[in-house]
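Subject: Structure handover and notes

Dear colleague,

Please find below the structure that I promised to pass on to you. My notes on what was found in it follow directly after.

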Amino acid sequence: PAAMTLTSPFTFRFLEQFGVPLRRIRAGERLFAQGEPGDTMLLVLEGKLDVVVNGRKVADVGLHGIVGEMALIDDAPRSATA
């Protein structure tokens with residue numbers, strides 16, 4: 001497979017070659033909720049999502065943004081809803 005460079009266009013095939021699971025969600029669908037256990041992080045490849053803490057929107061995460069990474073660092077429940 002060809003190597004991806006910073007100037008190469010991103011393709012989903014690149015992720016599929018390495019067995020990275022892809023999940024397409026619909027507008028308004030919840031990825032995870034504050035307080036739930038977490039064991040994954042997610043990378044936004046299209047669109048954007050809201051990050052909500054205690055019912056208050058605290059961030060927008062868009063293209064190439066990451067959410068849920070704290071689940072890989074600590075053993076605490078999700079600190080936000082996405």
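Lys57 has a relative accessible area of 45% and is therefore partly exposed, where buried means under 20% relative accessible area, exposed means over 50%, and partly exposed lies in between, computed with a 1.4 Å probe and with protein chains only. Its side chain meets that of Asp60 in a salt bridge, with 2.9 Å from N to O, the term standing for a side-chain nitrogen of Lys or Arg within 4 Å of a carboxyl oxygen of Asp or Glu. Asp60 is likewise partly exposed, because its relative accessible area is 42%. Asp50 joins Lys57 and Asp60 in a network of salt bridges.

Before going further, please keep in mind that this is a predicted model, in which local features need a pLDDT of at least 70 and side-chain atom pairs count only at pLDDT 80 or more, while totals for chains, interfaces and linings use all residues. Residues are numbered from 1 along each chain as its sequence is written, and side-chain values use heavy atoms, with hydrogens and water left out.

On confidence, the protein chain averages a pLDDT of 85, and 88% of the residues score at least 70; pLDDT is the predictor's confidence in each residue, on a scale from 0 to 100. The mean is lowest in helix H1 (residues 12-17), at 77, and highest in strand S3 (residues 56-61), at 96. Where pLDDT is low, the predicted coordinates should not be read in detail.

As for the fold, the protein chain has two helices and four strands, which follow one another from the N terminus in the order α-β-β-β-β-α. Helices (H or I, at least four residues) and strands (E, at least two) are DSSP runs, numbered from the N terminus. Of the 82 residues of the chain, 20% count as buried.

The structure holds five salt bridges, and two further pairs deserve a mention here. Glu29 and Arg23 meet through their side chains at 3.7 Å, N to O; Glu29 counts as partly exposed because its relative accessibility is 34%, whereas Arg23, with a relative accessible area of 52%, is exposed. Arg30 forms a salt bridge with Glu36, their closest N and O atoms being 3.8 Å apart, and Glu36 is partly exposed, with a relative accessible area of 30%.

Turning to the rings, the structure holds zero aromatic pairs, a pair being two rings of Phe, Tyr or Trp (its six-membered ring) whose centres lie within 6.5 Å, with planes under 30 degrees apart counted as stacked, over 60 as edge-to-face and the rest as tilted. Arg78, however, lies over the face of Phe32, at 4.0 Å from the ring centre; for this, NZ of Lys or CZ of Arg must be within 6 Å of the ring centre and within 35 degrees of the ring normal.

On the surface, Met41, Leu43, Ile66, Met70, Leu72 and Ile73 form a nonpolar patch with about 570 Å² of accessible area together. Patches are made of residues with over 30% relative accessible area and no salt bridge, like charges being joined within 9 Å and nonpolar side chains (Val, Leu, Ile, Met, Phe, Trp, Tyr) within 5 Å; accessible areas come from the Shrake-Rupley method with a 1.4 Å probe, and for residues only the protein chains shown count as cover. Helix H2 (residues 70-73) supplies the largest share of this patch, three residues. Leu43 belongs to strand S1 (residues 42-43) and counts as partly exposed, at 42% relative accessibility.

Several loop positions may also interest you. Asn54, in the loop between strand S2 (49-53) and S3, has a positive phi near 50° and is exposed at 66% relative accessibility. His64, in the loop between S3 and strand S4 (66-67), also has a positive phi, near 70°, and is partly exposed at 49% relative accessibility. Most residues other than glycine have a negative phi.

Gln34 is placed in the loop between H1 and S1, and its C-alpha atom is separated by 5.2 Å from that of Ser79, 45 residues away along the chain. Gly68, in the loop between S4 and H2, is buried, with a relative accessible area of 15%.

With best regards
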